[in-house]
Amino acid sequence: LTDAPARVTTLAMWGDGALRPPMTYLLDGSACEHAMTTREGHHVARDVQGRYPRSAALAEMGAVSYYGVALRDEHGVPRGMLTVLHDDVLEHSAAL
């Protein structure tokens with residue numbers, strides 16, 4: 001995470017069967033912004049692009065569903081996040 005306006009830079013990303021290059025994007029208006037503000041994580045089972053239309057990265061990756069959870073330090077401060085994007089519906093289950 002960087003300072004305002006808050007940006008996220010990926011450290012590792014896998015897609016389409018290969019390691020993807022890092023990318024940086026604005027947190028504002030993204031599904032990740034919501035995930036960073038909750039301790040439970042954030043799940044969007046379908047139409048994540050429709051729910052977050054300002055997030056160009058979702059469209060570029062063909063995302064249909066999303067799950068993200070903030071990685072917090074011992075004081076509860078978000079220091080990063082783990083996200084899963086899928087090109088199909090991802091229903092909520094106990095595994096999430």
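Q: Where is the place of Val 8?
A: In this predicted model, Val 8 has its place in strand 1.

Q: Buried or exposed, that Val 8?
A: Val 8 counts as buried, because its relative accessibility is 8% and the limit for burial is under 20%.

Q: And how many residues along the chain separate Val 8 from Thr 83?
A: Val 8 and Thr 83 are 75 residues apart along the chain, while their C-alpha atoms are separated by 12 Å.

Q: Moving on to Thr 10, where does that one lie?
A: Thr 10 lies in the loop that runs between strand 1 (7–9) and strand 2 (13–15), and with a relative accessible area of 15% Thr 10 is buried.

Q: What does Thr 10 touch, not counting residues up to four places away in sequence?
A: With those set aside, Thr 10 touches Pro 21, Pro 22, Met 23 and Tyr 25. For Met 23 there is also a polar detail, in that a polar atom of the Thr 10 side chain lies 2.9 Å from the backbone nitrogen of Met 23.

Q: Which elements give two or more residues to the lining of the largest pocket?
A: Strand 1, strand 2, helix 1, helix 3, strand 6 and strand 7 each give two or more residues to that lining, and strand 7 gives the most, with 8 residues.

Q: Now the core: how many residues has the largest nonpolar core?
A: The largest nonpolar core has 18 residues, and those with the most contacts inside it are Tyr 25, Cys 32, Val 48, Tyr 52, Tyr 66 and Met 81. At least two residues of this core come from each of helix 1 (31–36), helix 3 (56–60) and strand 6 (65–72), and helix 1 gives the most, with 4 residues.

Q: What is Tyr 66 in contact with, leaving aside its neighbours within four places in sequence?
A: Apart from those neighbours, Tyr 66 is in contact with Ala 31, Cys 32, Ala 35, His 42, His 43, Val 44, Val 48, Met 81, Thr 83, Val 84 and Leu 85.

Q: Switching to charges, how many salt bridges does the structure hold?
A: The structure holds 4 salt bridges. One of them joins the side chains of Arg 20 and Asp 16 at 3.1 Å, N to O; Arg 20 counts as partly exposed at 36% relative accessibility, whereas Asp 16 is exposed, with a relative accessible area of 76%.

Q: What about Arg 54 and Asp 28?
A: The side chains of Arg 54 and Asp 28 meet in a salt bridge at 3.0 Å, N to O. Arg 54 is in the loop between helix 2 (48–51) and helix 3, and Asp 28 is in the loop between strand 4 (24–26) and helix 1, so this pair ties together parts that are 26 residues apart in sequence. Arg 54 counts as exposed, at 59% relative accessibility.

Q: And which residue does Arg 46 form a salt bridge with?
A: Arg 46 forms a salt bridge with Glu 91, and their closest N and O atoms are 2.5 Å apart. Since Arg 46 lies in the loop between strand 5 (42–44) and helix 2, and Glu 91 in the segment after strand 7 (78–86), the pair ties together parts that are 45 residues apart in sequence. Arg 46 is partly exposed, with a relative accessible area of 46%, and Glu 91 counts as partly exposed at 46% relative accessibility.

Technical notes: Residues numbered from 1 in each chain as written. Predicted model: local features only at pLDDT ≥ 70, side-chain atom pairs only at ≥ 80, totals over all residues. Heavy atoms only, no water. Core = buried A, V, L, I, M, F, W, Y, C linked by side-chain atoms within 4.5 Å. Buried < 20%, exposed > 50% of the residue type's maximum accessible area, 1.4 Å probe, protein only. Contact = heavy atoms within 4.5 Å. Polar contact = N/O pair within 3.5 Å; in protein donor to acceptor, adjacent residues only side chain to side chain.
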